[in-house]
Number of protein chains: 2
Amino acid sequence: MTGQQIADAKAIAASKSHSEAERRRRERINNHLTKLRSLLPNTTKTDKASLLAEVIEHVKELKSQTSIIAEKVPVPSEIDELTIDNTSDDEGRIVIRASLCCEDRSDLLQDLIKTLKRLRLRTLKAEITTLGRRVRNVLFVTGEDHHSISIHDNQQMVNHWRNVIEEALKTIVEKTNNGDDYSFASIKRQKNK
Amino acid sequence: MTGQQIADAKAIAASKSHSEAERRRRERINNHLTKLRSLLPNTTKTDKASLLAEVIEHVKELKSQTSIIAEKVPVPSEIDELTIDNTSDDEGRIVIRASLCCEDRSDLLQDLIKTLKRLRLRTLKAEITTLGRRVRNVLFVTGEDHHSISIHDNQQMVNHWRNVIEEALKTIVEKTNNGDDYSFASIKRQKNK
DNA sequence: TACAACACGTGAAGC
DNA sequence: TGCTTCACGTGTTGT
């Protein structure tokens, strides 16, 4: 074989593998599109562009649905959250409502208890909801008796404690899941067929 | 110009418009892909195939989320539904629970009332939830006094009434929205930006 | 004939 | 260098 022939053969082989790779790529993309089509309702015999348009609409629809429901029901959301509000209980005592949402982990509850204990706070009520691997905690906390947060009519003090609680819980929310078990049993997910 | 030249010019023009059309098509598809990418969380700089794979996962995720939530909370679903169950109230009286889900419309409630009245049924309780344009009604109905459904221990009679109610409500669910106003105020949808 | 949608192979760019 | 991804223009098919 001459050098020219070898070079040609190499070029042909390269071109072949190239076109084959490209074919595989197209296959992958099209398979995904087919799968997407099957996930959508009433979406047969539409072209690629329209299919994608419908996927967009569907995703938006589902997103808005979940967020609407989340407004009514305190289910865990996909993203980490932490909001602090202050209310007051029947006796006019200052109560801070802390709602946090994060990935569930085995030591989450421990962390919360420890943190609140360290801050000398009392948890009046805790609403805990899990959804898949996400967990939402809504805590109603107040100070222990004779705690500065118990003193009424002091907006500055309340704001101070809001900040303290926010910072403390922030580190808990931001702590990443260490791969342990979850602290609460998860709701069974519907099979994705 | 010779005939040959004219033919060539035509061919060139055709080829040009063809390639331009193809470019527009690609553009449309890619724009949709970009939009999809923006709708997903944490999905920058991934290739097309992986992007679509993530879209699939995301759609599945959202779907299972909404269905899990729907199990816990009686929110309206996307598809029309009608399920009939029989329970019994405190006094052991037969009560039939009818849950129906359909597009909301102004005369839906009227239809329900009329139908139940026609069947000489009494509605003990009605739970009504709207979500977007969808509405879910959960009705707890029983017979009027001395109605045959009030007679206990007659499984055949109960089944008969289940069928009667199912058929009657089926026509209501299947009645298409005539474009009128909705009978209930709809929950505001989150803006799709 | 013309248009729309698709699969294909190829050149270019990034790693 | 080879491998991957993309955009491009073209051939083909169905309407």
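A surface patch is built from residues with over 30% relative accessible area and no salt bridge, where like charges are joined within 9 Å and nonpolar side chains (Val, Leu, Ile, Met, Phe, Trp, Tyr) within 5 Å. Accessible areas come from the Shrake-Rupley method with a 1.4 Å probe, and for residues only the protein chains shown count as cover. A salt bridge is a side-chain nitrogen of Lys or Arg within 4 Å of a carboxyl oxygen of Asp or Glu.

The model is predicted: local features need pLDDT of at least 70, side-chain atom pairs count only at pLDDT 80 or more, and totals for chains, interfaces and linings use all residues. Residues are numbered from 1 along each chain as its sequence is written, chains are lettered from A and ligands numbered from 1 in the order in which they are written, and side-chain values use heavy atoms, with hydrogens and water left out.

**Exercise 1. Describe the nonpolar patch formed by Leu109(A), Ile113(A) and Ile128(A) on the surface.**

Solution. 
Step 1. Ile113(A) belongs to helix H3 (residues 108-118) of chain A; helices (H or I, at least four residues) and strands (E, at least two) are DSSP runs, numbered from the N terminus.
Step 2. Ile113(A) has a relative accessible area of 52% and is therefore exposed. The classes are buried (under 20% relative accessible area), exposed (over 50%) and partly exposed (in between), with a 1.4 Å probe and protein chains only.

**Exercise 2. State which elements make up the secondary structure of chain A, and in what order they run.**

Solution. 
Step 1. Chain A contains four helices and four strands.
Step 2. Read from the N terminus, the order is α-α-β-β-α-β-β-α.
Step 3. Of the 193 residues in chain A, 37% are buried.

**Exercise 3. Identify the residues that surround DNA strand C and the contacts that they make.**

Solution. 
Step 1. DNA strand C is surrounded by 13 residues, of which Ser15(A), His18(A), Arg23(A), Lys48(A) and Glu22(B) are the closest. A residue is near a strand if one of its heavy atoms lies within 4 Å of it.
Step 2. Of the atoms of DNA strand C that come within 4 Å of the protein, 57% belong to sugar and phosphate.
Step 3. The side chain of Arg23(A) places an N or O atom 3.0 Å from a phosphate oxygen of DNA strand C, and a polar side-chain atom of Asn30(A) lies 3.3 Å from a phosphate oxygen. An N or O atom in the side chain of Arg26(A) is 3.1 Å from a base nitrogen of DNA strand C.
Step 4. Helix H1 (3-39) of chain A and helix H1 (3-39) of chain B each supply at least two residues of this surface; H1(A) gives the most, with seven residues.
Step 5. By class, the surface near DNA strand C has no nonpolar, five polar and eight charged residues. Here Ala, Val, Leu, Ile, Met, Phe, Trp, Tyr, Cys and Pro count as nonpolar, Asp, Glu, Lys and Arg as charged, and the others, Gly among them, as polar.

**Exercise 4. Carry out the analysis for DNA strand D.**

Solution. 
Step 1. Among the 13 residues around DNA strand D, the nearest are Arg25(A), Ser15(B), His18(B), Arg23(B) and Lys48(B).
Step 2. Sugar and phosphate supply 55% of the atoms of DNA strand D that come within 4 Å of the protein.
Step 3. An N or O atom in the side chain of Arg25(A) lies 2.8 Å from a phosphate oxygen of DNA strand D. For the bases, an N or O atom in the side chain of His18(B) is 2.8 Å from a base oxygen, and one in the side chain of Glu22(A) is 3.1 Å from a base nitrogen.
Step 4. H1(B) provides the largest share of the surface near DNA strand D, seven residues.

**Exercise 5. Locate the salt bridge between Glu81(A) and Arg136(A) and classify its partners.**

Solution. 
Step 1. Side chains of opposite charge can pair when their charged atoms come close.
Step 2. The side chains of Glu81(A) and Arg136(A) form a salt bridge of 2.7 Å, N to O. The pair links distant parts of the chain, 55 residues apart: Glu81(A) is in strand S1 (residues 81-88) and Arg136(A) in strand S4 (residues 134-143) of chain A.
Step 3. Glu81(A) is partly exposed at 26% relative accessibility, whereas Arg136(A) is buried at 8%.

Note on methods
Polar contact = N/O pair within 3.5 Å; in protein donor to acceptor, adjacent residues only side chain to side chain.
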